[in-house]
Amino acid sequence: MSENSLNSQIAGAFKEVQSGLNGSVSQAFNERRIDALESFNSLGFPTPKHEEWKYSNVKKLVNGTYNFAAQNKLSKENLKNFDLPDLEGIIIYFVNGVYQEALSNLDLAEGKLSIQTLEEAQKNSSELLNEHFSKYSNDNLDAFTAINTAIASQGIVVKVEDNATIEHPIILRMISDVREENIGSTLRNLVVVGKNSEVKIAESYRTLGEESAYVNVVTEIVVAKDARVDYYKVGNDNNASYHVGSTNIHQSDNSYFYAATITINGGFVRNNINLTVDGEHVESWLYGLYVPNESQHVDNHTVVDHRKPNSVSNELYKGVLMDKSTGVFNGKIFVRQEAQKTNAYQNCRNVVTSDSATMNTKPQLEIWADDVKCSHGATTGMLNDEAIFYMRSRGIPKEEAVRMQLLAFAEDVVSQIKIESVKEYLSGLIHQKLG
Amino acid sequence: MLKISNLHARIEEKEILRGINLEVKSGEVHAIMGPNGSGKSTLASVLAGREDYEITEGSIDFLGKDLIDMAIEERAAEGIFLAFQYPVEIPGVTTVSFLKTAINQIRKHKGEAPLDAASFLKMMKKKADLVKIDGQLLRRSLNEGFSGGEKKRNEIFQMAMLEPILGILDETDSGLDIDALRIVADGVNQMKSAERSFVVITHYQRLLDYIVPDFVHVLYNGRIVKSGTKELALELEEKGYDWIIEADEAKEALAQ
């Protein structure tokens, strides 16, 4: 095992995090970090024998070596070369897993919104962390989440006061500068949205260069009573990169949560969404789109856990799989005995454009309540030949007919994106990739 | 304009066209009739280039070019249009954007500049009036959720937009009520010109009351067994196909 391998990195990073805590070492949130390390030590990294990792083998990821302490070499000038959506927002940059004050722009952050780095929050907001940090994450079940809880020292902590509508989106741009070496980063975000408040938040992941990036990220989002949250996660990493991320959401009464998880590129991508419906009259929308090509691998795992009655959840994931790419969709819906009158829907639709592409879908419903409406469906197919013939018979060349159909297929998800400039930007990337 | 000689085509191991000979000159309307399974729709599909069929013998000459080796989209660009018996639903693609792409691809093939948005819209309005199709319908996904009649009208609308040299109507009358039939036929009649020809495939004489053919052919068992003028259609309406089938079978038996 090399010095920079993940396993050897964990013990060192844990010590470092603990030594940085000073006075807050005895805080409850830190107890959870210690427990998480223990959980990881007993879990170990998953193998394909693990039911949740059957189609996503992390062996190469785990055996890789990564620099977890690389310095940032990017300036504002460098960022100009990035093609990015033109939008007004609160822009927060992380490079190689470290917050970059000089690159970020928090000018639009308003009074009822506080944004701190995790380091700052550990010093200044231990109460907030005690209340929420790792309260919605399954450290005892998922090894990557457990590592994250144990060792993450970077990320942001967002708190929106009650009765506040935050106009501008909070955009987290996570860049791995892999022009020279393999880079690893562990990021932990906590977003606490107060009662009757509204916020939009986006995470975007990008590599610069051809070496390998490994990103382990966990974002916890707490949506209080009557609050509304729109959440976006966009991956556009190189083919040598690994992304393992979880977004864990907790919703209270009358709250609204919307997520769009869009993977444009990435060598190995695992997106987990764990949503807990812990209130009545809750509305949840989960959208996903992935368009892997070459030998990219995209795995989306979602869990929607209905614990209280009278709520609605709706899930639509769509994939276009090209070349030798592989995809996984695993969607679980739990409806607990107490959660009567739940409406829960899940749909996963895929198009494979080559004989060598593979899609694995596994929808799972577990329902203990008797008065519910639930449905799930998963389909994987080729493009409709008759439709291609029809379009060609009108003079549209085959490649164009295929492209039009794939774009139309993806449009269901793209058209749902509520930030216009992000929609245009992503639509452009998808056009490029499917063209 | 179109000359089909000794055309044989099969799908998998089944031979469906067994020596078709047909010549269509500019400005003519030819009706092709015949009982179910005689090969009418296959002939239409083969002309449009459907790839499920294998041509084993014969030739198709269209305006001096060999059609058989031409890609489907190339045939369209050269002026062939097939109105489908079962128009396909294409979710997420509106009729408007579909036709705009089609027209501009055809223009590109001919070395012409793309049509500007204003001219396209003007043309669309004019042609939509021709088949009395609702503009709102054209802004919806192509054929998705359209009624049978709307789909067929949309086929004729597309034909009007693409202005082909040869229009092939594959059982366009099936599933249409008399009013819709009249609208579709009116659209076709208004498109008739000295340079444009039509091949109208139909099961029933009814459509030919509205689109009057210059010639009527009876297709049976993969061959044209009888040709005549529009009076032949009336005769078929009255007597059915049996007398032709019997005569053909007698002829085949004699040949053996």
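Two strands count as paired when DSSP finds at least two bridges between them. With that in hand, here are some notes on this predicted model, one topic at a time.

1. **Parallel strands in chain A.** On one side, strand β14 (residues 297-306) of chain A runs parallel to β16(A), and 10 bridges join the two.

2. Chain A is divided into domain 1, residues 6-278, and domain 2, residues 383-435. Their C-alpha centres lie 32 Å apart. Where they touch, domain 1 of chain A gives 13 residues and domain 2 of chain A gives 11 residues. On the domain 1 side, β7 (198-208), β9 (228-236) and β11 (256-265) of chain A each supply at least two residues. The most comes from β9(A), with four residues. Sorted by class, this side of domain 1 of chain A has nine nonpolar, one polar and three charged residues.

3. **Lys433(A).** This lysine sits in helix α10 of chain A, residues 420-434. Is Lys433(A) buried, exposed or partly exposed? It counts as partly exposed because it has 17 C-beta neighbours inside 10 Å, and a residue needs 20 or more to be called buried. Leaving out residues up to four places away in sequence, Lys433(A) touches Ile264(A), Val291(A) and Asn293(A). Another residue to look at is Pro292(A): 141 residues separate it from Lys433(A) in sequence, yet the C-alpha atoms of the two are 8.9 Å apart in space.

4. **Where chain B meets chain A.** The contact between the chains takes 19 residues from chain B and 16 residues from chain A. On the chain B side, the elements that give two or more residues are α2 (72-78), β7 (90-94), α3 (95-109) and α6 (148-162) of chain B. By class, that side of chain B has 13 nonpolar, four polar and two charged residues.

5. **An antiparallel sheet in chain B.** Chain B has an open sheet of four strands in the order β2-β1-β4-β5, paired antiparallel. At the edges are β2 (14-24) and β5 (65-66) of chain B, each of which pairs on one side only. Helix α1 (residues 40-48) of chain B packs on this sheet and touches β1, β2 and β4 of chain B. The direction of helix α1 of chain B makes about 70° with that of β2(B).

6. Strand β1 (residues 2-11) of chain B is joined by seven bridges to strand β4 (residues 54-62) of chain B, running antiparallel. Two pairs to look up there are His8(B), with bridge partner Glu57(B) in β4(B), and Arg10(B), with bridge partner Glu54(B) in β4(B). Eight bridges join β1(B) to β2(B), again antiparallel. In this second pairing, Ile11(B) stands opposite Lys14(B) of β2(B).

7. **Residues with positive phi.** Most residues other than glycine have a negative phi. Which residue takes a positive phi in the hairpin of β1(B) and β2(B)? That is Glu12(B), with phi near 50°, in a hairpin that has two residues between the strands. Asn196(A), in the loop between β6 (183-193) and β7 of chain A, has a positive phi of about 60° although it is not a glycine. With 16 other C-beta atoms within 10 Å, Asn196(A) is partly exposed. In chain B, Glu163(B) has a positive phi of about 45°, and it is not a glycine either. Glu163(B) is found in the loop between α6 and β9 (166-170) of chain B, and counts as partly exposed because it has 16 C-beta neighbours inside 10 Å.

How values were computed:
Residues are numbered from 1 along each chain as its sequence is written. Chains are lettered from A and ligands numbered from 1 in the order in which they are written. This is a predicted model: local features need pLDDT of at least 70, side-chain atom pairs count only at pLDDT 80 or more; totals for chains, interfaces and linings use all residues. Two residues are in contact if their C-beta atoms, placed from the backbone, lie within 7 Å. Axes are lines fitted to C-alpha atoms, for helices over the stretch in contact, and angles run from 0 to 180 degrees between N-to-C directions. A residue is buried if 20 or more other C-beta atoms lie within 10 Å of its own, exposed if 12 or fewer, and partly exposed in between; C-beta atoms are placed from the backbone. Ala, Val, Leu, Ile, Met, Phe, Trp, Tyr, Cys and Pro count as nonpolar, Asp, Glu, Lys and Arg as charged, and the others, Gly among them, as polar. Domain bounds come from an automatic or database domain assignment.
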